[in-house]
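These are notes for a colleague going through the model.

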Amino acid sequence: IKCKAAVAWEAGKPLSLEEVEVAPPKAHEVRIKIIATAVCHTDAYTLSGADPEGCFPVILGHEGAGIVESVGEGVTKVKPGDTVIPLYIPQCGECKFCKNPKTNLCQKIRITQGKGVMPDGTSRFTCKGKQIYHFMGTSTFSEYTVVADISVAKIDAAAPLDKVCLLGCGISTGYGAAVNTAKVEPGSTCAVFGLGGVGLAVIMGCKIAGASRIIGIDIKKEKYAKAKEFGATECVSPEDFKKPIQEVLVEMTDGGVDYSFECIGNVGVMRAALEACHKGWGVSVIVGVAAAGQEISTRPFQLVTGRTWKGTAFGGWKSVDNVPKLVTDYMSKKIKVDEFVTHTLPFDKINEAFELMHTGK
């Protein structure tokens, strides 16, 4: 199939709209017509050149939704015409990770996915005679893409794809961090550092879990109104205080919060989030992805005295099983999705979408 795709030819340059050729799916692969895609900081991180796993030229994108166009031999779970969300964390159901209820990190195709190729070691994209790499096993910045059959979730055909594409990463990640990873309890006090899309999804999760106090932390005060719509009870800016924000939060909450979430990817903020937790039982979850090679630090005494530091990927959801359920929860108004959408642009304005994201709009 010949179609349009936004190709990243090299690091640090804008995406280029090109005609690409998308090969048919091989065994255990699915070709999808992408109807809608969102942009995420992870795409921008790889595009910047800072990602050591980044390969170029590449078709980025990992928050998408579409319709199955064709399937390779051996594919049984989806058929042409099915409505689907591609998954950057697959679920094979066979590896020891999939068989363990404690994790959602399927490892079946991890190595080839990280190298920007399909499980057989080759690419399905070509442009101007050159092979183009895949990204996160999804490559949603293309009108057609090919994914492994374990990297696709069949969803309700009635779902609006320009909304539910967000369940492919950001919303699911934040919401799951609260309800799966932290297991926020009714009546608890929570702090959410970073009020972008993922932070708002954490706030939504904390509220649904019954938290009584949800404190949003961000230096951009224009984000506070939206955070309160999602359930934040109050918002604070670290720039308004002379002392470290963790000390402010400990004072505000009589000893610290029960749960904190870092949704930025800043290692200094990760430390603040842990140290804002209550002695004896506070749990801090790292949701934001820091740049490669960075390290976290705190005094071991913080952990000795009963705080827990955790991390989460894709909110702990086993993807094939749970993404369809998240779509159903959205359709039955249990979770918000529409409210996360600020702008809807045509595909050829994708670079403008990145600019809007970088400015926090």
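**Notes on the model**

1. The buried residues of helix 11 are covered by elements that include strand 6 (83-86), strand 10 (152-154), helix 4 (161-164) and helix 5 (170-182). Contact means heavy atoms within 4.5 Å; helices (H or I, at least four residues) and strands (E, at least two) are DSSP runs, numbered from the N terminus.

2. This is a predicted model, in which local features need pLDDT of at least 70, side-chain atom pairs count only at pLDDT 80 or more, and totals for chains, interfaces and linings use all residues. Residues are numbered from 1 along each chain as its sequence is written, and side-chain values use heavy atoms, with hydrogens and water left out.

3. Helix 11 (residues 319-331) has 13 residues and spans 18 Å from first to last C-alpha, close to the expected 18 Å (1.5 Å times one less than the number of residues). Its buried residues are Ser319, Asn322, Val323, Pro324, Leu326, Val327, Asp329 and Tyr330. Buried means under 20% relative accessible area, exposed over 50%, and partly exposed in between (1.4 Å probe, protein chains only).

4. Six strands form an open sheet in the order 13-12-11-14-15-16, with parallel pairing. At its edges are strand 13 and strand 16 (308-311), each pairing on one side only. Two strands pair if DSSP finds at least two bridges between them. On average, neighbouring strands of this sheet are turned by 20° against each other, direction ignored. Axes are lines fitted to C-alpha atoms, for helices over the stretch in contact, and angles run from 0 to 180 degrees between N-to-C directions.

5. Strand 12 (residues 213-217) pairs with strand 13 in the parallel sense over 3 bridges, and Ile217 stands opposite Val236 in strand 13. Helix 5 packs on the sheet against strand 14 (259-262), strand 15 (283-286) and strand 16, at about 135° to the direction of strand 14. Helix 6 (residues 197-208) also packs on the sheet, touching strand 11 (189-193), strand 12 and strand 14, at about 170° to the direction of strand 11.

6. Where is Lys243 found? Lys243 is in the loop between strand 13 (234-236) and helix 8 (245-252), and is partly exposed at 34% relative accessible area. Leaving aside neighbours within four places in sequence, Lys243 contacts Val248 and Glu251.

7. UniProt, in an unreviewed entry, places "domain: Alcohol dehydrogenase-like N-terminal" at residues 27-155; its positions follow the numbering used here, feature names are shortened, and annotations may be inferred rather than shown by experiment. Residues 27-155 are 13% helix and 30% strand.
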